[in-house]
Amino acid sequence: MTGPTDNLRINGERLWESLMEMAKVGPGIAGGNNRQTLTDADAEGRDLFKSWCEAAGMTLGVDKMGSMFAVRPGTDPDALPVYMGSHLDTQPTGGKYDGVLGVLAGLEVVRSLNDLGIRTKHPVAIANWTNEEGARFAPAMLASGVFAGALTLDYAYERRDPEGKTFGDELRRIGWVGDEEVGARKMHAYFEYHIEQGPILEAESKQIGVVTHCQGLWWLEVTLTGREAHTGSTPMNLRVNAGLAMARILEMVQAVAMDNQPGAVGGVGQMFFTPNSRNVLPGKVVFTIDIRTPDLAKLNAMRARIEAEAAKIADALGVGCAIEAVGHFDPVTFDPILVGRVRSAAERLGYSHKDIISGAGHDACWTSKVAPTTMIMCPCVGGLSHNEAEEISPEWASAGADVLFHAVLETAEIAG
């Protein structure tokens with residue numbers, strides 16, 4: 001059976017134009033973007049998004065974490081809003097679609113509702129969450145974590161970037177400290193549309209990922225303390241080599257992840273050597289271990305084993321070892337009713353789809369603690385993300401936005 005709205009689509013050309021326009025803000029050096037959170041480029045991107053929301057007749061609110069909430073009113077003044085959202089910040093060498101697609105697809109849903117003259121019982125809203133990436137300030141999903149009550153505002157404001165600048169100071173500097181209490185907004189539901197950041201959908205020729213779960217993760221920041229010494233004149237048996245300890249720990253993390261197959265990953269993507277000179281053994285090495293799995297027991301067992309074995313490796317070399325958890329969330333099961341609406345929308349629209357588990361963390365992981373939540377994914381070329389070569393097609397972008405449109409419309413309810 002079909003309904004009166006089953007053939008409706010968003011304006012795919014307009015969505016793509018918006019993506020390309022936003023990509024001009026904070027351009028990277030190889031075709032992507034460097035629009036890290038709380039930079040001048042981030043502020044410019046926020047201003048552009050604000051102007052688009054206001055042109056679409058939405059009202060904008062900003063909370064004390066700088067997260068932006070644009071609302072299209074509903075017909076029932078007591079009905080809670082249906083939110084769509086993601087983030088506009090990027091990695092230092094980020095792509096044009098990671099996060100941005102979810103925000104601008106939300107905007108396109110609102111624009112399409114306006115074009116079609118459709119009123120909804122529930123308000124329809126868009127969220128741009130601050131510091132989803134965690135590239136500049138750890139942990140990732142910082143603002144949504146405060147929103148969900150998992151982190152405190154003071155904790156967030158005290159986070160420092162590699163240059164020692166605090167989150168709070170930088171938020172004030174770019175002029176995006178709002179007056180809303182974080183988490184005061186209530187949501188009827190939350191949808192997040194995102195590129196897959198993996199190769200499964202493309203490899204299986206599926207247009208839509210129906211996201212049922214999200215992996216849990218631990219970020220473990222390891223600080224190894226050795227002794228700075230000349231690399232040429234210090235005998236091998238007299239070295240206290242923090243770099244060697246790091247190398248052995250990296251091999252151990254690989255082994256732990258492999259021992260927990262299937263469904264577990266682990267690695268290191270960031271490290272800092274001090275003094276970072278060619279002919280000086282490092283006196284200190286700081287790096288972050290990233291482990292993930294959708295199995296909570298496995299996730300915590302991996303963490304325990306890594307911490308125990310890292311301490312043994314460092315001790316054997318006379319190196320000091322301190323480990324701090326700087327990011328964490330448990331595996332997430334998304335709301336089955338919303339998941340079902342996404343799946344049904346894809347089927348009604350004739351888009352190929354499959355159930356999928358998100359390997360990456362998203363703001364939806366935190367919103368799921370305070371509201372019914374789910375995600376939609378589209379393929380990305382080669383599964384590549386967090387890379388300036390990240391790419392999707394206009395057709396993929398539109399298909400997922402169509403599904404988002406229909407799932408949100410069903411949830412927000414067409415006004416009678």
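## Nonpolar cores

In this predicted model, the largest nonpolar core holds 100 residues. Two of them, F49 and L104, touch the most other members. Helix α12, residues 394–412, supplies the largest share of this core, at ten residues.

## Around F49

Neighbours within four places in sequence are set aside here. Beyond them, F49 is in contact with M22, M68, L88, V103, L104, L107, I126 and N128.

## The four-stranded sheet

Four strands build an open sheet. Their order is β9-β11-β7-β12, and the pairing is antiparallel. The edges belong to β9 (265–274) and β12 (320–329). Each has a single partner strand, so one side of each lacks a neighbour in the sheet. Ignoring direction, neighbouring strands are turned by 15° against each other on average.

Inside the order, β7 pairs with β11. Strand β7 spans residues 216–225, and β11 spans residues 284–293. Ten bridges join these antiparallel strands. In β11, V286 is the bridge partner of T223.

## The helix across the sheet

Helix α8 covers residues 242–259. Which strands does helix α8 lie across? They are β7, β9 and β11. Against β9, helix α8 runs at about 170°. Strand β9 is also an edge strand of the sheet.

Technical notes
Residues numbered from 1 in each chain as written. Predicted model: local features only at pLDDT ≥ 70, side-chain atom pairs only at ≥ 80, totals over all residues. Heavy atoms only, no water. Pairing = 2+ DSSP bridges. Helix = DSSP H or I, 4+ residues; strand = E, 2+ residues; numbered from the N terminus. Axes fitted to C-alpha atoms, helices over the stretch in contact; angles between N-to-C directions. Contact = heavy atoms within 4.5 Å. Core = buried A, V, L, I, M, F, W, Y, C linked by side-chain atoms within 4.5 Å. Buried < 20%, exposed > 50% of the residue type's maximum accessible area, 1.4 Å probe, protein only.
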